[in-house]
Every structure is written in C-alpha cells, then in structure tokens.
Amino acid sequence: MLQKQKVITDAFKFKLLARWHDKGRTVQAGRFLVSTGWTPEKVLDMLATGKAMLYRLTLREGLTWWETADILEKSGFCRAVDFGSVGHDPAFLRRWGIPFESAEGFLFPETYLLPHPREMDMEAARAVANRLVDMFWKQAGKLWPEGRPDKEMLRRLVILASI
C-alpha cells in the first residue's frame, strides 16, 4: 500500500530496512498520516512508534443495540452482524458482569476517538464492544462508590435508566 500511494519507492527494500533496524515486528496496525516527502526511515519510524489516526464516533443516548451496530458499520468500525454476535455472546456478557441476554443498556452513549480496524471482523467488533461497555462501568462506577449493586438491583437500574 505504501508503494502504491508513492510513500516509498520499493516495498522489498522497505522490508529490508525494517529488518535492518529491527522494527519489522513493531510496525503497528492502523491508518497513519505520512508524507510522500519523508525518508523511508521516517516512514518506518512513524509506523513503528507513531499513533494511528483516530476517527470520531458519536453514539447518542437511547439507541438500541442494532441502531448502534448500524452506526458502527456505516462508520467503518465493524460489521453490524459481528457487533450483534459479540453483544449477545454469553462469555462476553459474563466477562463484563452483564445480567441480561444482550449488552443493550451497557453500550455507553459518548463521543469516542477510535482507530479504524485493519479488518472489519469479529475482533474489531469485540474491541468496540469492549470499549463501550468499559466506558459504561467507568461512568456508572462514579454513581456507586461503595461498589456495584447486586445483579437484581443492577437489572432494575438499567431497565429504569432505559425508560
């Protein structure tokens, strides 16, 4: 891709350069802002140590899980079907302490800055779902300084909040 975009002139030589500087394994996934005027060393350094470009994702309050999934797919973060699968996965729900059959109600409405995934696959969906649910617990934790309520109380609170 770098050669096609004329950022580098020879992909093979660039790979050799990465091996020579022992940075072949530290190249990060993501989209990076690079310049065609940069030296190959500077491009390599950006790919190995730079930060991937972040994209804004805004999820408003009151969205259903499938509306959230649709927004995620249209924004290029994951496929809606994968997000739905993750949001209903019993292991995912158990990991996050969600006492429902889906993560709906735990997908925190917020504006996020996220990198686009290299592949829109199940891992991309899991990464986004983890981020949304993690934000829920961080924000909800501020309301419960003495700890999370028991499962039944949590169930009631989430249902009440969604009304």
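Me: What makes the space of about 660 Å³ the second largest pocket?
Reply: In this predicted model, about 660 Å³ lies in the second largest pocket. A pocket is an open set of points on a 1 Å grid over the protein atoms alone, where a 1.4 Å probe fits, with protein on both sides within 12 Å along at least five of seven lines. The volume is the space filled by probe spheres set on those points, joined across faces, edges and corners.

Me: Which residues line the second largest pocket?
Reply: There are 24 lining residues, and G105, P109, F136, A161 and S162 are the closest to its centre. Lining means an atom within 4 Å of a point. α6 (122-141) and α7 (151-162) each give two or more. α7 has the largest share, six residues. Helices are DSSP runs (H or I, at least four residues), numbered from the N terminus.

Me: Why is a set of 31 residues called a nonpolar core?
Reply: The name applies because a core is a set of buried Ala, Val, Leu, Ile, Met, Phe, Trp, Tyr and Cys residues joined through side-chain atoms within 4.5 Å. Buried means under 20% relative accessible area (1.4 Å probe, protein chains only). F83, F92, F106, V133 and W137 touch the most other members. The largest share of this core, 10 residues, comes from α6.

Me: What is F92 in contact with, leaving aside neighbours within four places in sequence?
Reply: V86, A103, A129, N130 and V133. Contact means heavy atoms within 4.5 Å.

Residues are numbered from 1 along each chain. Local features need pLDDT of at least 70, side-chain atom pairs count only at pLDDT 80 or more, totals for chains, interfaces and linings use all residues, and side-chain values use heavy atoms, without hydrogens and water.

Methods:
Buried means under 20% relative accessible area, exposed over 50%, partly exposed in between (1.4 Å probe, protein chains only).
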